[in-house]
Amino acid sequence: MEEIKLNSGERLDDLQLGGLKIIQKVGGYGFTSDSVLLANFVKAKKSDVCVEIGAGCGIISILVNYKQKPAKIFAYELQKTQFELFSRNVQICNMCDSIEIINDKVQNYKKYTKEGSADIVFSNPPYFKYDEKVCGEISEKVLSRFDKELPLKDLFSSVSKMLKFGGKFYFIYDSVRLDDCILTMKNYKLVPKKMYFIHPNQTKNSTTFLCLATLGGKQSLKIMPP
């Protein structure tokens, strides 16, 4: 890795994996355990073309690229500050040839790729419904947590058009909105195949879930151990 230079208000985190390090903002919206869980959930072949939606600082694409070594990852990140941070993280991890970052809404994917060209899509999208009265002023943290720019219908619509038939979609979401996810996926021919419910501990309800869905196919959902 090349020498890493930090700007004011930044820190360098060691991922404890093959010497990989990433830059994050001190006090900013950094990655959580959800990102690591999703990265470990994704399974890709070396010939696969992958897409990430809502990449943030790049932690998921970087981990998937290191562990799975797909042919290419196209990562969409709307926020300029996160896009710039991700770009630097890709450089310090020496992954510029395998990860291409796109600073735009995934709804505009037709500018960058053909329909039906992705083998795998993965995403840790904003979980919560946007409410102007609750959220107040638009900020980086609000856009990262609330679905103002990426409602479920836009997420699943984009995924269904980018994937090849039989392609795989891996995502993590808020358990409270499971019914919204199932109903909306059905509208876009995304069929849930495998699901893990994530619990803070053995006595508490599930807070999030991991889901693998395919574009088309028969219904055969497996609920895995928590």
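**Working through the aromatic pairs**

There are eight aromatic pairs in this structure, where rings of Phe, Tyr and Trp (its six-membered ring) pair if their centres lie within 6.5 Å. The model is predicted, so local features need pLDDT of at least 70 and side-chain atom pairs pLDDT 80 or more, while totals for chains, interfaces and linings use all residues. Residues are numbered from 1 along each chain as its sequence is written, and side-chain values use heavy atoms, with hydrogens and water left out.

**Exercise 1.** Classify the pair formed by Phe156 and Phe169.

*Solution.* Start with the cut-offs: planes under 30 degrees apart are stacked, over 60 edge-to-face, and the rest tilted. Phe156 and Phe169 sit 6.0 Å centre to centre with 80° between the planes, so the pair is edge-to-face.

**Exercise 2.** Decide whether Phe156 and Phe169 are buried or exposed.

*Solution.* Buried means under 20% relative accessible area, exposed over 50%, and partly exposed in between (1.4 Å probe, protein chains only). Phe156 has 0% relative accessibility, so it's buried. Phe169 also comes out at 0%, so Phe169 is buried.

**Exercise 3.** Classify the pair of Phe169 and Phe171, then place it in its cluster.

*Solution.* Here the centres are 4.8 Å apart and the planes 20°, which makes the pair stacked. Phe171 is buried because its relative accessible area is 0%. Finally, Phe169 and Phe171 belong to one aromatic cluster with Phe156, Phe197 and Phe209.
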